[in-house]
Amino acid sequence: MEAREFVASLVAGGMAGMCVDLTLFPLDTMKTRLQSQQGFSKAGGFRGIYAGVPSAAIGSFPNAALFFVTYECTKSALGPLVSTKTAPLLHMFAASLGEMVACLIRVPTEVVKQRSQTCPTLGTRKVFVDTIRQEGIPGLYRGFGSTVKREIPFALVQFPLWEFLKVVFQLRSPRLWMWQRQESC
């Protein structure tokens with residue numbers, strides 16, 4: 001993978017992930033509170049709908065950037081070894097590996113964010129410090145295995161489909177994809 005492609009994956013992936021996470025944050029807060037054992041109202045209801053957003057803002061860019069860099073680097077490294085027929089398997093593997101690596105950042109971010117969302121009177125920093133004091137570093141990775149198991153099935157479907165549709169649309173509308181071949185990017 002060329003340095004230009006690496007930087008593009010890093011920045012584009014990070015920015016896209018951060019935009020999505022911050023835009024959908026209020027909906028995520030509502031979902032977390034609805035699933036809370038305390039119940040929606042006791043978990044904060046509609047108050048403090050942005051509680052935990054610092055955690056999401058800090059973790060979102062590196063999480064998404066790490067996923068896309070891992071995905072693209074894996075494709076680049078293993079792509080020459082794979083035939084066109086087995087390319088979807090490469091995309092599945094690359095996406096799964098990307099999810100596992102990204103979860104190293106995603107899970108601690110999610111733990112702090114969700115705890116902040118269900119206790120909106122506590123700040124994100126306090127939730128982080130309390131988690132470390134009470135549970136140590138393993139507390140930040142609570143649910144790592146289940147999160148990876150949740151993410152991989154989506155990746156197994158989404159990224160081979162994404163790669164297939166890119167090829168289909170490139171064949172049908174080559175002008176739409178000229179930006180990928182320009183040296184000025």
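A patch, as the word is used here, is made of residues with over 30% relative accessible area and no salt bridge, and nonpolar side chains are joined into a patch within 5 Å. The structure shown is a predicted model. On its surface, a nonpolar patch is formed by Met 1, Phe 6, Val 7, Leu 10, Val 11 and Met 15, which together have about 460 Å² of accessible area. One of these residues, Met 15, is found in helix H1, which covers residues 3–23. Met 15 counts as partly exposed because its relative accessibility is 40%.

Leaving aside residues up to four places away in sequence, Thr 109 touches Ser 55, Ala 56 and Gly 59.

The view may now widen to the entire protein. It contains seven helices and zero strands, and along the sequence the pattern reads α-α-α-α-α-α-α. Its C-alpha atoms fill a box of roughly 55 × 30 × 25 Å along the principal axes. Among contacts between residues at least 6 apart in sequence, 70% join residues at least 24 apart.

Of the 185 residues, 37% count as buried. The protein exposes about 11,300 Å², of which carbon and sulfur atoms supply 68%. As for charge, there are 20 positive and 12 negative side chains, and the centres of these two sets lie 7 Å apart.

Definitions and conventions:
Residues numbered from 1 in each chain as written. Predicted model: local features only at pLDDT ≥ 70, side-chain atom pairs only at ≥ 80, totals over all residues. Heavy atoms only, no water. Patch = residues over 30% accessible without salt bridge, like charges linked within 9 Å, V, L, I, M, F, W, Y side chains within 5 Å. Areas by Shrake-Rupley, 256 points an atom, 1.4 Å probe, with all protein chains shown as cover. Salt bridge = Lys/Arg side-chain N within 4 Å of Asp/Glu carboxyl O. Helix = DSSP H or I, 4+ residues; strand = E, 2+ residues; numbered from the N terminus. Buried < 20%, exposed > 50% of the residue type's maximum accessible area, 1.4 Å probe, protein only. Contact = heavy atoms within 4.5 Å. Lys, Arg positive; Asp, Glu negative; His and termini not counted. Charge placed at Lys NZ, Arg CZ, Asp CG, Glu CD.
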